[in-house]
Amino acid sequence: CSYFFVFFKLEESALILLPPFLHSGYAQYYKPVASIVLVLWCLQLFLCLEICWHQSRQKIYFIDWESPRIYESRMIEDSLDEIGYGNESGDESPMKRIFRTKPTKKKKQNKKLLKAPVSAWRSMLVANEWLEMLTMRYTSIHFNLIWLGFFLVYLGLENNSSSQPKLDEYPKTIEHNIYLRLANDVWWWLILSLAQFIFNWGIYDRFIAESQSQKFLDLCAIAKISVFIQDSHFHAFYLHGDSNYDRADSTMARLATALLEKVGCHAVFTTEFPQVQCFECFYSPPFKQAFDSIRTKYTSSAQKRRRMRLNTHPQEFSNDFLTGERDHDPLLMQRDSEKKQILDTISYLEQSQTFIKHFLTHQYRDPYALDWDVHDPNLYDRFIGTIPQLPQNGTNCLFTTDRLWLFGLDHSFLNATFLGHDLDFLILEILTFLTVDLLFLDAATAIFFTFILHHGLRLFRTTILGAGGFLDDHMLLIGRLASSS
């Protein structure tokens with residue numbers, strides 16, 4: 001198509017002629033091209049839907065490295081006395097009774113170490129940022145569509161596809177040729193998309209703001225939250241967030257001081273590669289079996305509870321309603337079952353996070369022979385995507401460094417989001433525009449349907465398929481508990 005666009009529209013003398021598009025006798029010359037575009041659109045749409053489905057099946061775990069604060073019961077009682085938390089008669093308040101261990105006259109025996117629970121808001125903050133990054137794109141579809149509407153519709157450059165060998169003269173009465181129309185549309189899409197890429201890669205990400213992946217890594221380091229993304233049976237991405245400073249749940253002054261002193265601005269996973277925070281994880285069947293045993297225990301208890309609910313005879317419900325007893329109320333039983341399921345989910349998430357944390361700190365090396373190692377692949381292995389071989393020294397998991405390498409391209413863990421498949425979605429949008437433009441021969445209609453497809457895919461990914469894995473359980477536990485209470 002570009003060949004005809006260049007050598008037909010720019011020719012000064014009649015060297016190349018194109019058959020009329022609307023004439024029924026010449027339709028055979030254009031049907032193969034239109035059929036190829038339609039088939040390519042269907043295949044690309046299937047590929048993008050498969051990407052959305054695969055991303056929704058991945059499991060995401062947030063590992064909190066914050067250690068619980070340790071207090072003494074006497075310290076808590078003194079603080080309650082200072083703020084006047086008690087009754088006016090001078091009796092001991094109920095709150096002080098909770099923290100008092102053994103009521104005795106000796107103050108030394110009243111002291112007991114208490115662990116304050118770690119707040120979950122930092123994990124929810126990181127999970128919320130991950131949800132927002134799921135459907136982000138490098139290429140702004142709104143930028144492309146707005147400028148396409150300006151050039152093609154407002155300035156009338158869609159008439160470049162007229163069957164007349166000149167670019168400066170395109171009367172509306174001359175019919176458009178689909179060869180020239182396809183070439184004209186594709187060239188405008190490539191120009192606008194390439195301009196965005198050059199601006200983002202060469203100017204914006206270097207001199208104005210950081211990339212979205214680096215912002216997310218900095219947030220994980222500040223919050224002391226690591227992210228483990230299990231996208232397949234034997235592969236995962238690991239983002240290390242255990243920073244050097246002692247606590248993330250602290251005052252703004254202490255947090256700002258740690259950042260200014262460059263103590264907590266970076267998380268070091270291994271001393272061999274202190275500047276690397278992202279890793280690809282390749283693990284063996286023994287590690288997967290040990291990790292899946294936690295989920296097996298969770299699913300077995302859920303299935304047992306479901307069978308008990310289904311085996312309950314409906315006659316018991318009717319008898320209870322007639323006698324006024326509410327022990328077997330189906331609504332109450334369903335609500336209790338949902339609460340138990342939520343508590344089981346919380347227990348499973350805590351056990352999974354504890355397993356990953358202990359594994360990363362080499363606590364399973366001696367008792368269970370589960371250990372890991374780090375490998376730095378060369379440029380050739382990165383380029384062709386070679387899967388590394390696990391060493392024969394008993395290592396069950398191999399972490400490979402995921403650093404910026406070719407032209408500053410972004411990290412590989414973004415393959416779990418739309419950012420890692422930006423080219424696939426861009427090709428789908430171009431093919432959507434071309435298909436609709438061939439059907440209606442109108443650029444404004446093609447812009448409208450491309451806009452609908454773009455937001456439809458985002459809605460399909462986030463709303464219909466969900467966030468993916470157990471991320472919904474992290475974000476919606478409080479809402480589920482509130483709705484079931």
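Modeller: Let us begin with a polar contact of 2.9 Å, which joins the side chains of Asp 231 and His 235. Please keep in mind that this is a predicted model.

Colleague: Why is the pair Asp 231 and His 235 called a polar contact?

Modeller: The limit for a polar contact is 3.5 Å between N or O atoms. The side chains of Asp 231 and His 235 are joined at 2.9 Å, so the pair falls within that limit. Asp 231 itself is placed in strand E4, residues 225-232.

Colleague: How do you know that Asp 231 has no salt bridge?

Modeller: A salt bridge requires a side-chain nitrogen of Lys or Arg within 4 Å of a carboxyl oxygen of Asp or Glu. For Asp 231, which is buried, the nearest side chain of opposite charge is Lys 59, 10 Å away.

Colleague: Which residues is Asp 231 in contact with, leaving aside its neighbours within four places in sequence?

Modeller: They are His 54, Gln 58, Ala 236 and Phe 237.

Colleague: How many salt bridges does a search of the whole structure find?

Modeller: The search finds eight. One of the pairs is Asp 422 with Arg 137, whose closest N and O atoms are 2.6 Å apart. This pair links distant parts of the chain: Asp 422 is in helix H15 (residues 422-440) and Arg 137 in the loop between helix H5 (121-133) and H6, 285 residues apart.

Colleague: What makes Asp 422 and Arg 137 count as buried?

Modeller: Buried means under 20% relative accessible area. Asp 422 has 9%, so it is buried. Arg 137 has 16% and therefore counts as buried too. Arg 137 and Asp 422 are also linked with Glu 429 in a network of salt bridges.

Colleague: Why is the pair Lys 224 and Asp 242 called a salt bridge?

Modeller: The closest N and O atoms of Lys 224 and Asp 242 are 2.9 Å apart; the limit is 4 Å, so the pair qualifies. Lys 224 lies in the loop between helix H8 (212-223) and E4, and Asp 242 in the loop between strand E5 (235-239) and helix H9 (252-260).

Colleague: Are Lys 224 and Asp 242 each buried, partly exposed or exposed, and why?

Modeller: Lys 224 has a relative accessible area of 3%, under 20%, and so is buried. Asp 242 has 23%, between the limits of 20% and 50%, and is therefore partly exposed.

Colleague: Where do Asp 292 and Lys 288 lie?

Modeller: Both are in helix H10 (residues 285-310), four residues apart, about one turn of the helix. At 24% relative accessible area, Asp 292 is partly exposed, whereas Lys 288, at 18%, counts as buried.

Colleague: Why is Tyr 154 called exposed?

Modeller: Exposed means over 50% relative accessible area; Tyr 154 has 65%, so the label applies. Tyr 154 is in helix H6 (residues 141-154). With Phe 143, Ile 146, Trp 147, Phe 150 and Leu 155, Tyr 154 forms a nonpolar patch on the surface, with about 630 Å² of accessible area together.

Colleague: Is Tyr 30 buried or exposed, and why?

Modeller: Tyr 30 has 3% relative accessibility, under 20%, and so counts as buried. It is found in the loop between helix H1 (2-9) and helix H2 (31-56).

Technical notes
Residues numbered from 1 in each chain as written. Predicted model: local features only at pLDDT ≥ 70, side-chain atom pairs only at ≥ 80, totals over all residues. Heavy atoms only, no water. Helix = DSSP H or I, 4+ residues; strand = E, 2+ residues; numbered from the N terminus. Buried < 20%, exposed > 50% of the residue type's maximum accessible area, 1.4 Å probe, protein only. Lys, Arg positive; Asp, Glu negative; His and termini not counted. Polar contact = N/O pair within 3.5 Å; in protein donor to acceptor, adjacent residues only side chain to side chain. Contact = heavy atoms within 4.5 Å. Patch = residues over 30% accessible without salt bridge, like charges linked within 9 Å, V, L, I, M, F, W, Y side chains within 5 Å. Areas by Shrake-Rupley, 256 points an atom, 1.4 Å probe, with all protein chains shown as cover.
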